[in-house]
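Subject: Structure handover

Hello,

Here is the structure I promised to pass on. Please open it first, then read the notes below it.

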Amino acid sequence: MSVITPPTRQAALVLFSGGQDSTTCLAWALQHFPRVETIGFDYGQRHRVELDARLVVLREIKTQFPQWANKLGEDHLLDVNVLGQVSDTSLTRDVAFKMEATGLPNTFVPGRNLLFLTLAAALAYRRGTDVLVTGVCETDFSGYPDCRDDTMKAMQLALSLGMDKRLLIETPLMWIDKAQTWGLAQDLGGESLIHIITEHTHTCYLGDREHRHDWGYGCGTCPACELRAKGWQKWQLSAHT
Ligand code: ZN
């Protein structure tokens with residue numbers, strides 16, 4: 001009688017915001033895991049376009065990548081409006097983007113990623129999933145301390161201990177820059193994925209969906225647009241030289 005050990009790491013839960021990074025992470029997860037679910041958070045974002053983009057990107061991935069469509073399971077949207085009660089930032093309130101005296105941008109919501117990871121882990125536990133995938137990045141991290149590799153490792157340990165279950169936090173973008181993130185998307189899904197990212201994902205802090213650039217929609221001047229545009233240009237140069 002043979003003993004069959006059930007394969008582990010069969011499923012991943014992707015923290016999916018509808019932006020460039022998390023869309024690339026979603027494609028990465030679909031390439032690596034037999035079953036993938038997504039989780040998003042509604043925290044009273046000033047711009048609903050971010051939440052709308054999630055659904056459009058999911059639909060487009062299902063339509064354009066039949067090999068991924070049957071791996072892609074449920075999408076979960078959690079209401080975390082409580083964040084608006086404890087923080088006052090330019091992501092949730094109608095105030096202009098600026099750098100604070102702390103050296104952090106006022107888009108930094110203290111504890112946000114920690115809360116998101118905790119909620120994602122709780123959902124993953126219930127769904128029988130033991131891998132979380134998140135698009136945090138220490139290379140272009142805009143100074144957010146909750147995107148650091150050390151923070152992720154500490155969260156992985158705390159969540160694994162606190163839930164008495166070995167949980168992995170995968171961060172495919174941690175050590176690559178924005179140009180390499182475009183390159184990774186190209187490797188994973190070719191021109192179709194690049195098209196989905198430029199046409200449908202949303203990163204701009206100002207919620208601008210009027211101005212279309214080579215790299216997608218956005219105001220072109222906020223830090224998120226600048227980062228995305230610079231990465232695109234660097235990638236284009238490296239791809240064509
Ligand atoms: Zn912008």
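One term first: a residue is called buried when its relative accessible area is under 20%, and exposed when that area is over 50%. Please also keep in mind that this is a predicted model.

Start with β1, residues 11-15. Which way do its side chains point? Ala11, Leu13 and Leu15 point one way, while Ala12 and Val14 point the other way. Residues on both sides are buried. With 5 of its 5 residues buried, β1 is therefore largely enclosed by the rest of the structure.

Its partner is β2, residues 35-42. The two strands run in the parallel sense and are joined over 5 bridges. Ala11 bridges to Arg35 in β2, and Val14 bridges to Thr38. In β2, 7 of the 8 residues are buried, so this strand too is largely enclosed by the rest of the structure.

**The zinc site**

Next, go to the zinc ion. Which residues hold it? Cys204, Cys219, Cys222 and Cys225 coordinate the zinc ion, each through its SG atom. The distances are 2.3 to 2.4 Å. Along the chain, the donors follow the spacing C-x14-C-x2-C-x2-C.

Why is the arrangement called tetrahedral? The 4 donor atoms subtend angles of 106 to 116° around the zinc ion, and four donors count as tetrahedral because all angles lie between 85 and 135 degrees. For comparison, the ideal angle for four tetrahedral donors is 109.5 degrees.

**Rings and charges**

The model has 7 aromatic pairs. One of them joins Phe65 and Trp68. Their ring centres lie 4.5 Å apart, with 20° between the planes, and the pair is stacked. Both Phe65 and Trp68 are buried. Elsewhere, ring pairs link Phe41, Tyr43 and Phe116 into a cluster.

Lys165 lies over the face of Tyr125, at 5.3 Å from the ring centre. The charged end of Arg212 sits over the ring of Tyr217, 5.5 Å from its centre.

**Loop residues worth a look**

Thr134 lies in the loop between β4 (131-133) and α6 (149-163). Is Thr134 buried or exposed? Its relative accessibility is 8%, so Thr134 counts as buried. What does Thr134 touch, leaving aside neighbours within four places in sequence? Its contacts are Leu15, Cys25, Leu117, Met152, Ile169, Glu170, Thr171 and Pro172. Leu15, listed there, is one of the buried residues of β1.

Cys147 is in that loop between β4 and α6 as well. Cys147 is buried, with a relative accessible area of 9%. Met174 is 27 residues away from Cys147 along the chain, yet their C-alpha atoms are separated by 8.3 Å.

Asp164 sits in the loop between α6 and β5 (168-170). Its phi is near 50°, a positive value in a residue other than glycine. At 73% relative accessibility, Asp164 counts as exposed.

That is the handover.

Best wishes

Conventions. Residues are numbered from 1 along each chain as its sequence is written. This is a predicted model: local features need pLDDT of at least 70, side-chain atom pairs count only at pLDDT 80 or more; totals for chains, interfaces and linings use all residues. Side-chain values use heavy atoms; hydrogens and water are left out. Donors are N, O and S atoms within 2.8 Å of the metal (3.2 Å for Na, K and Ca); water is not among the atoms, so sites may look incomplete. Four donors count as tetrahedral if all angles lie between 85 and 135 degrees; four count as square planar and six as octahedral if opposite donors are over 155 degrees apart and all others between 65 and 115; anything else is irregular. Rings of Phe, Tyr and Trp (its six-membered ring) pair if their centres lie within 6.5 Å; planes under 30 degrees apart count as stacked, over 60 as edge-to-face and the rest as tilted. Buried means under 20% relative accessible area, exposed over 50%, partly exposed in between (1.4 Å probe, protein chains only). A charge sits over a ring if NZ of Lys or CZ of Arg is within 6 Å of the ring centre and within 35 degrees of the ring normal. Helices (H or I, at least four residues) and strands (E, at least two) are DSSP runs, numbered from the N terminus. Contact means heavy atoms within 4.5 Å. Two strands pair if DSSP finds at least two bridges between them.
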